[in-house]
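Hi,

Here is the structure I promised to pass on. Have a look, and my notes follow below.

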Amino acid sequence: MEAKLKVGILGFGTVGSGVIHILEEHAEKISQITGYQVSVKKVLVRDLEKNRRYETKGFSLTTEPTDILDDPEISVVVEVMGSIEPAREYILQALKAGKHVVTANKDLIALHGDELIAVAQANKCDLFYEASVAGGIPILRTIVNGLAADKIQKVMGIVNGTTNFMLTKMKTEKRTYEDVLKEAQDLGFAEADPTSDVDGIDAARKMVILTRLAFGMNVDLADVDTVGIRGIAPRDMEVAEQLKYVIKLVGTAEEKNGSVAVSVGPVLLPKYHPMAGVNNENNAVFVTGAAAGETMYYGPGAGELPTATSVVSDIITVAKNSKLGTNGNAFNSYQHDTKQTSPDEIFSKYYMRIVMDDKTGTFLKLTQIFAEAGVGFDKILQEPLDDYTATVVVVTHVTSKAQLEQAISRVELEPQMQMQAKYQVVEG
Ligand SMILES: NC(=O)c1ccc[n+]([C@@H]2O[C@H](COP(=O)([O-])OP(=O)(O)OC[C@H]3O[C@@H](n4cnc5c(N)ncnc54)[C@H](OP(=O)(O)O)[C@@H]3O)[C@@H](O)[C@H]2O)c1
């Protein structure tokens, strides 16, 4: 008789429902691949009376976490509750009880991944989190397995669907940030408090996870240079269009001589760049490898079934490992000392929009400040804003981040100049 593998799920919301559905719908294929009859035994919820998307057939609901964490028959715990606590505590208890864990929780993995990975290894348990980055795109396993032979140099990602939806609307419908945020909230894409999405925090968490898998380095969230999309004005969208660029919120992790620079911020991508065409709530991750060159992975970054597909593929990997007796190896078995690239070794072109007094000498002063910092201008556009002020848009030549910061700190000392936007420009 075929061996059984029992799963306990913490959470019966969007992703939990999808996992239950896929395990049932694709049961035959999953059993052929793994040699196990994989089934859900118990699901943890807060409210037993709530209407559920799928029938609770073949498993029971509970509000008591120990019903799952202490059940010796359950060997895999799937955490799809969200938030940090009590999810962290439940995962630790599961691992300490020798249960393998699959989670979709990017917040938890970005902030407490080190601790959870160490406990998983100490207990010879699997800990997988494919769905934590770019929901339905199997990007983590692609990096870990498909690109294992390559030396990854750079990972760029559009990894937040909410902001990509908003930027697509701002560009194509020429609408303001405030206007599209309201629509995203009405459609349920953005939360009532949109901070985590619009300030780039969600994307930064995903870049911490991508950096761990691509470069074996554990970067703290605080070390990710993070800027959100709140400051993007219709004028930035128009100028970008005029200069044949598209503005996207892009996370970048780049390795250089054994150090890594990780950032999230609005970026001007040339219109022909493959990521420039990634629209609406879709995600994409663009990987540059020394051997394979450039590859891009595109698809839905969230949603019930896409995200659940990633979760179930993790369960399948646990089952295969269990068959082979190879559980307990870290998802990111490649490790490297963590070192941050210094700002004088980070190079890029930059776009800036500066509002300044429309008086003789102010523009000359601006050019002097940049010249003194060694920052050259590739493109300059100037236009009056009203009778007294003008908007100056500058695209710099390739410059170091240190030089740029020096120039900006000087601009900030000038009362007649206000830096309104500063974004990276990607070439090639
Ligand atoms: N939604 C997506 O497309 C997506 C994509 C990628 C990753 N993720 C991640 O997947 C996780 C789950 O997201 P989701 O959208 O499925 O969330 P959700 O729809 O809000 O569902 C959360 C579920 O967890 C249960 N729950 C929450 N706190 C609990 C507690 N303290 N005790 C018991 N049960 C609790 C809730 O129970 P009740 O139903 O009784 O309230 C609910 O069933 C999050 O970490 C999220 O970041 C989601």
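Is Glu191 buried or exposed? Glu191 counts as exposed because its relative accessibility is 54%, where exposed means over 50%, buried under 20% and partly exposed in between, with a 1.4 Å probe and protein chains only. You'll find Glu191 in the loop between α8 (177-186) and α9 (195-198); helices here are DSSP runs of H or I with at least four residues, strands are E runs of at least two, and both are numbered from the N terminus. An unreviewed UniProt entry lists Glu191 under "binding site", and such annotations may be inferred rather than shown by experiment.

Before you go further: this is a predicted model, so local features need pLDDT of at least 70 and side-chain atom pairs 80 or more, while totals for chains, interfaces and linings use all residues. Residues are numbered from 1 along each chain as its sequence is written, and side-chain values use heavy atoms, without hydrogens and water.

Now the ligand. It has 22 residues around it, and Phe12, Val15, Arg46, Arg52 and Gly303 are the closest (a residue counts if one of its heavy atoms lies within 4 Å). There are polar contacts too, meaning pairs of N or O atoms within 3.5 Å. A polar side-chain atom of Arg52 sits 2.7 Å from a ligand oxygen, and a polar backbone atom of Asp47 is 2.9 Å from a ligand oxygen.

As for the whole chain, DSSP gives 14 helices and 17 strands. Of its 428 residues, 53% are buried, and the C-alpha trace spans about 85 × 45 × 35 Å along its principal axes.

Cheers

Terms used: Polar contact = N/O pair within 3.5 Å; in protein donor to acceptor, adjacent residues only side chain to side chain.
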